[in-house]
Structures are given as C-alpha cells and as structure tokens.
Amino acid sequence: DLWVKEEDRSDHLSTLSFELPRREYIEYALEHGADMVQNSDKLRKIYEESEEKSERMAELAIGQSEMLNVDGTKVAITYFGCHQSRVGDMLIEDYGVDLAVIIQPTASVSFRSTEEFGRCSELARGLGGGGHNDAAGASVYDQFDFNPKSVSKEQVYIPEIDQDKSD
C-alpha cells in the first residue's frame with residue numbers, strides 16, 4: 001500500500017496522477033511502476049515543478065489565514081481553492097496549530113489536525129461530512145456564506161467531547 005504519507009512514492013504517484021493525462025499516466029505506471037519519478041527524468045521534472053507550484057500556492061493560503069486561540073486550541077482558518085492537504089500539514093507542522101480549517105470556493109471545507117486534537121471527523125459530521133480523526137471534510141454548499149477574515153473567537157465552536165464515551 002503506497003497511499004501512506006510516510007512513503008515518498010505515494011506523493012509522487014498522487015501528484016503525477018493530477019499532472020499527466022490519464023492515458024499517459026497509465027502508460028508510465030505500467031512501464032515504471034511505483035518508481036516512476038525515480039526512473040524517468042521527464043517525470044522527475046514534472047513532479048518537481050508541480051511541488052514548487054504547490055508550495056507557493058500553500059504559502060499564499062497560509063498568508064491569508066486567520067489564527068485563533070479557542071480555549072487553548074490553536075486554530076487556523078483560511079479560504080483557498082486547492083492544496084488543502086499541504087496547507088493543513090504546513091499550518092500544523094510549521095506554525096504549530098492544532099486544527100486547520102480550509103474553506104474552498106467549491107463550497108467545501110477541509111479539516112486537518114494534530115493527532116492529539118484528532119476531532120476532524122466529528123467536526124465534519126456536524127456539517128454533514130465525514131472522514132478520519134486527523135483529516136476530514138464536508139460540502140457546505142448553501143449552508144452559509146463564509147468569510148474567514150470576519151470570524152471572531154466567539155463564532156468558532158468546538159463541541160465538547162463526552163469523556164464517558166468509549167471508542
């Protein structure tokens with residue numbers, strides 16, 4: 001299973017699946033397997049250019065994020081149209097937030113969090129979505145108009161966890 005964050009090739013495969021036309025991606029995958037980037041100078045260049053662009057885009061999203069402290073939980077909220085995984089990971093790893101909320105113009109919201117916070121699925125379910133404890137999302141089309149720059153601490157609601165519940 002290459003679709004894990006710890007395996008560099010999973011990132012290579014994912015990036016190239018978006019950057020290449022489907023038929024070309026399949027041909028390269030059949031020829032090179034999971035080592036496509038390692039075995040092809042052309043694919044390595046495509047991957048590196050895509051990563052540089054993604055990094056710049058994520059930095060733009062982070063630059064416009066609103067950082068809040070909600071009852072001791074560091075929350076970052078931003079509005080951005082792509083690269084939500086990278087934006088969330090960078091906010092958590094580089095800026096020390098516990099929860100990253102990325103609102104997208106496609107009327108969806110993406111949650112990323114530290115393992116310790118780990119309540120993304122719960123938050124997404126509250127909006128009709130779902131996912132994992134540290135990464136989840138929901139479609140919020142027609143649920144509300146949202147401008148992250150107008151959010152106040154009082155408007156950010158993180159539901160209480162019933163400590164008596166067992167998983």
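The axes are lines fitted to C-alpha atoms, for helices over the stretch in contact, with angles running from 0 to 180 degrees between N-to-C directions.

What you see is a predicted model, where local features need pLDDT of at least 70, side-chain atom pairs count only at pLDDT 80 or more, and totals for chains, interfaces and linings use all residues. Residues are numbered from 1 along each chain as its sequence is written, and side-chain values use heavy atoms, with hydrogens and water left out.

So, the overview. We have 6 helices and 6 strands in the chain; helices here are DSSP runs of H or I with at least four residues, strands are E runs with at least two, and both are numbered from the N terminus. Going along the sequence, the order is α-α-α-α-β-β-α-β-β-α-β-β.

The chain has 167 residues, and 40% of them are buried. Buried means under 20% relative accessible area, exposed means over 50%, and partly exposed is in between, with a 1.4 Å probe and protein chains only. The accessible surface comes to about 10,600 Å², with 46% of that belonging to carbon and sulfur atoms; that's Shrake-Rupley with a 1.4 Å probe, and for residues only the protein chains shown count as cover. As for contacts, meaning heavy atoms within 4.5 Å, take those with a separation of 6 or more: 46% of them are between residues 24 or more positions apart.

Now the helix packing. How do H1 and H4 cross? Their axes come within 10 Å, at roughly 90°, and therefore the two are roughly perpendicular to each other. On the H1 side you'll find Asp11, His12, Thr15, Leu16 and Glu19, meeting Leu43, Ile46, Tyr47, Ser50 and Glu51 of H4. By class that's 4 nonpolar, 3 polar and 3 charged residues, where Ala, Val, Leu, Ile, Met, Phe, Trp, Tyr, Cys and Pro count as nonpolar, Asp, Glu, Lys and Arg as charged, and the others, Gly among them, as polar.

H4, residues 41-63, also packs on H5, residues 84-95, with axes within 9 Å and a crossing of roughly 70°. That makes H4 roughly perpendicular to H5 as well. From H4 the contact takes Glu51, Ser54, Glu55, Ala58, Glu59, Ala61 and Ile62, and from H5 it takes Arg86, Val87, Met90, Leu91 and Tyr95. The class count for this one is 7 nonpolar, 1 polar and 4 charged.

Two histidines next. His12 sits in H1, residues 8-19, and is buried at 11% relative accessible area. Leaving aside neighbours within four places in sequence, His12 is in contact with Val37, Gln38 and Tyr47. His32 is in H2, residues 22-32. Is His32 buried or exposed? At 18% relative accessibility, His32 counts as buried. With neighbours within four places again set aside, its contacts are Asn39 and Ser40.

And finally two aspartates in loops. Asp71 is in the loop between E1 (66-70) and E2 (73-79). Its phi is near 50°, a positive value in a residue other than glycine, and Asp71 is exposed, at 73% relative accessible area.

Asp134 lies in the loop between E5 (130-131) and E6 (135-139), partly exposed at 40%. Which residues does Asp134 touch, not counting those up to four places away in sequence? They are Phe111, Arg112, Ser113, Thr114 and Cys120.

Key: Parallel < 35°, antiparallel > 145°, perpendicular 65-115°, else oblique.
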